[in-house]
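User: I am learning how labels are given to parts of a protein, and I would like to ask where some of them come from.

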Amino acid sequence: MIRIIVLLGVFLSFSFSIVENSCIICHEGIEDIRDKNSEMMQAILQKAEEADIKGNDCVICHGGNPEAKKKEDAHSGTPKYFETHEGPKAYYPYPASPMINKNTCGMCHANQVATQENNLMATEQGKIHGALWGFGAKEGYKHTYTNFGGKSPDPHERLGTKKYQKYMDELAALEPQGFLKETKALPAAPTAEEVEKDPTLSVYTYLRQECLRCHTGGKGREKRGDFRGIGCASCHVPYSNEGFYEGGDKSISKKEGGHMLVHAIQSSREVKVNVHDINYSGIPVETCTTCHNRGKRIGVSYQGLMETEYEGTFDNKGKEQPQLHTKRYMHLTEDIHYSKGMLCQDCHTTNDMHGDGFFRGANLGAVEVECQDCHGTTTKYPWELPLGYSDEFATKPKEGKARGTTHTLAAYLRQGSIPDDTGDGFLLSARGNPLTKAVRKGDKIVMHLSSGKDITLSPLKTLKKEHKISQEGLIAMDQIQGHTDKLECYTCHATWAPQCYGCHVKVDYSGGKQNPDFLEASKHHVNGKTGDVETLKDFLVDGQVTETRSYLRWEDPALSQNGEGRISPTIPGCQVVLTVIGKEGNALLQNHIFKIPNVEGAGNEGINSITMSPVQPHTVSKASRTCESCHSSLKAMGRGINGGKYFADQSKTTIVDLMRADKTLLPSQVDEQIPAIPNLKHDFSVMIDENGTQVQTLGNHWKLSQALDNETRAKLDRSGACLSCHKEMPDEDLAVSLMVHTAKFAGVKIDNEMHNTIVHKTILLSAWFQVLGGLLLGGGIVYWFLGRKKQMRCKKD
């Protein structure tokens with residue numbers, strides 16, 4: 001009996017030495033990165049067994065020495081197995097970093113890791129090009145620079161279906177300036193001395209200190225709302241706005257910002273993350289807004305957040321609203337998809353986000369989904385539309401055979417969450433890839449959301465059959481074919497859009513001023529730990545960037561033609577007004593707007609490089625903007641807010657002080673209240689002047705981006721329609737006068753409903769009168785002609 005007990009003790013001791021996770025000695029209480037029963041966790045455990053480190057599964061991602069007893073020894077090296085096999089080659093504090101994740105995440109997710117370098121969220125290609133354009137279009141339309149440079153792979157290696165690959169090859173040939181096969185790394189930040197010789201070099205300081213904090217190659221800025229991981233962890237590991245760890249690992253500070261919320265991976269609906277006994281699945285929208293809060297601001301707009309300069313409202317201690325992403329917000333109408341519980345990943349595909357392996361110059365090049373992919377039109381279901389519909393990159397609607405649905409999925413797609421019941425097949429994106437969350441069921445669609453919720457969606461054709469579309473909706477979408485053929489759905493259904501007019505950039509090189517170069521810091525890494533984690537002071541470069549704006553708006557955005565050839569909401573892009581202060585404290589450029597010659601209709605004199613940008617605002621609602629907000633709006637037509645008439649001449653300096661009536665200044669000690677912007681002859685909201693001449697650039701990524709042309713504006717413009725009737729009222733015409741006075745004495749009240757009734761009757765009466773009059777006139781002519789012919793015959797007889 002004693003012998004059995006001894007043997008059992010030896011066995012248990014041996015077993016414990018095998019399965020004991022030595023990392024837990026210090027990290028007791030830390031959460032499992034995934035549920036132990038998940039396929040991912042089982043793969044990690046299997047890999048640990050293969051490496052003869054069973055039980056020390058942390059090492060599979062983090063590397064390190066599982067046999068060490070001291071922290072500094074444990075956090076170094078890697079098991080010998082990985083010297084000759086795939087896996088971590090050293091200790092990785094940030095195993096998802098793109099610098100080393102081919103050895104970690106890439107063991108299972110090789111496709112996604114292979115595409116990450118040329119993914120738009122890593123390259124920031126569009127953002128870089130936009131800034132260069134605002135500083136004088138240093139590279140023209142060509143999207144030359146990315147964060148790190150590189151090459152696109154062999155065309156046959158593009159992720160996606162054969163139809164998708166063919167589609168993208170054709171698009172790249174059509175728009176070569178946006179689909180470069182090879183790009184260059186962004187030039188270094190200039191020294192103060194170099195800027196003295198060429199102030200335009202300040203664009204690289206601006207980009208590196210301000211714009212390029214959000215790429216997935218670095219951890220970014222540690223401010224409230226901006227905390228996130230690196231590489232794959234940028235999206236797949238949760239961080240709260242405050243950046244505090246709230247898990248069970250006692251070795252991780254709960255008062256120091258910059259930590260993940262819990263040690264867990266967030267991804268699909270099948271992956272449950274537990275925080276304080278609350279489970280969730282999918283990637284929260286707030287993860288996306290850590291980056292998508294600048295530029296087009298689509299992340300925060302989706303949540304209904306519109307930034308404001310004001311500090312209200314106040315909390316119960318009287319404190320003003322805290323800053324989020326270094327801004328304060330108003331809560332406007334949320335996007336209906338957000339209100340329904342849809343996360344960003346429920347519309348956007350893996351190719352949208354992870355990339356397909358190739359450079360794609362800006363958003364339109366990267367995003368493969370269109371509204372009609374799920375909603376269709378009033379005359380066609382999504383599966384009846386041809387591939388390319390609403391993604392034409394042409395000015396005519398796409399025609400061709402129906403795209404259908406599919407039950408076939410590539411292996412890399414099956415690594416995600418796939419519904420068991422695929423019904424009548426997965427819907428296809430406009431570019432031909434399966435939408436793995438959207439399943440056709442008869443004439444309806446079931447959306448299997450990442451949150452775990454299922455939504456049944458009725459396409460527009462079904463809603464029309466069921467008489468569930470309002471009269472206004474049928475008129476707009478069904479009767480007026482031009483809306484369906486030429487507009488994006490969100491042109492009408494986006495209820496608002498953030499409009500930040502005038503981007504006043506100051507880059508100050510005086511007095512030895514310096515700030516961190518976020519891009520350079522991200523390139524410096526030690527086993528995946530980038531320089532922006534804790535050593536930003538080691539990456540200071542000359543200059544200090546300050547940004548402000550002229551004014552903000554959100555209502556009724558202007559319209560223009562986007563790169564896909566469709567009419568789209570339009571907001572300010574990079575409307576750069578540049579001031580560069582040299583090292584001696586003097587302005588090298590002051591409130592300067594660059595001129596770009598020989599583009600967008602301009603000659604050698606050039607056009608202002610400030611830009612308006614077509615946008616999908618991500619503020620969609622079931623109700624649309626009003627007809628009048630487009631058809632009687634100078635702003636919508638590109639003429640600016642109130643036709644650009646609110647502002648005085650901004651090319652002249654404004655001085656405010658005691659003056660005579662003729663504006664002669666009385667004091668001798670005065671200061672300029674509003675210094676001039678010499679090249680700004682129109683308000684920032686004006687795209688075209690009263691003569692139809694374009695006065696600022698419109699988009700700068702895709703060939704078809706442009707202000708509305710004369711023909712389109714003529715079709716759109718219905719201003720002054722009221723005068724068509726009211727110029728005769730009440731007594732300029734006998735018949736009208738009689739009608740007006742009869743209505744008055746009869747006590748008829750002319751409210752909006754009655755007014756619409758009168759107009760409707762008038763149109764019908766006018767139409768029938770003209771048709772019947774035409775028929776009578778035509779019949780009379782025929783009768784006269786036949787009678788005349790008969791008379792001629794009689795005379796001959």
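The questions and answers below concern this predicted model.

User: Why is Leu-772 called partly exposed?

Analyst: Leu-772, which is found in helix α30 (residues 752-796), has a relative accessibility of 43%. Buried means under 20% and exposed means over 50%, with partly exposed in between, so Leu-772, at 43%, counts as partly exposed.

User: What makes the nonpolar surface patch that includes Leu-772?

Analyst: The patch, of about 520 Å², is made by Leu-764, Trp-768, Val-771, Leu-772 and Leu-775. Patch residues need over 30% relative accessible area, and Leu-772 passes that cut-off because its value is 43%.

User: Why are β17 and β21 called edge strands?

Analyst: Four strands form an open sheet with mixed pairing, in the order β17-β12-β20-β21. Within this order, β17 (544-553) and β21 (587-592) each pair on one side only, and they are the edge strands. From one strand to the next, the twist averages 15°.

User: What makes helix α11 mostly covered?

Analyst: Helix α11 (residues 202-209) lies across β12, β17 and β20, running at about 80° to β17. Eight of its eight residues are buried, among them Tyr-204, Leu-207 and Arg-208; buried means under 20% relative accessible area, and α11 is therefore described as mostly covered.

Note on methods: Residues numbered from 1 in each chain as written. Predicted model: local features only at pLDDT ≥ 70, side-chain atom pairs only at ≥ 80, totals over all residues. Heavy atoms only, no water. Patch = residues over 30% accessible without salt bridge, like charges linked within 9 Å, V, L, I, M, F, W, Y side chains within 5 Å. Areas by Shrake-Rupley, 256 points an atom, 1.4 Å probe, with all protein chains shown as cover. Salt bridge = Lys/Arg side-chain N within 4 Å of Asp/Glu carboxyl O. Helix = DSSP H or I, 4+ residues; strand = E, 2+ residues; numbered from the N terminus. Buried < 20%, exposed > 50% of the residue type's maximum accessible area, 1.4 Å probe, protein only. Pairing = 2+ DSSP bridges. Axes fitted to C-alpha atoms, helices over the stretch in contact; angles between N-to-C directions. Contact = heavy atoms within 4.5 Å.
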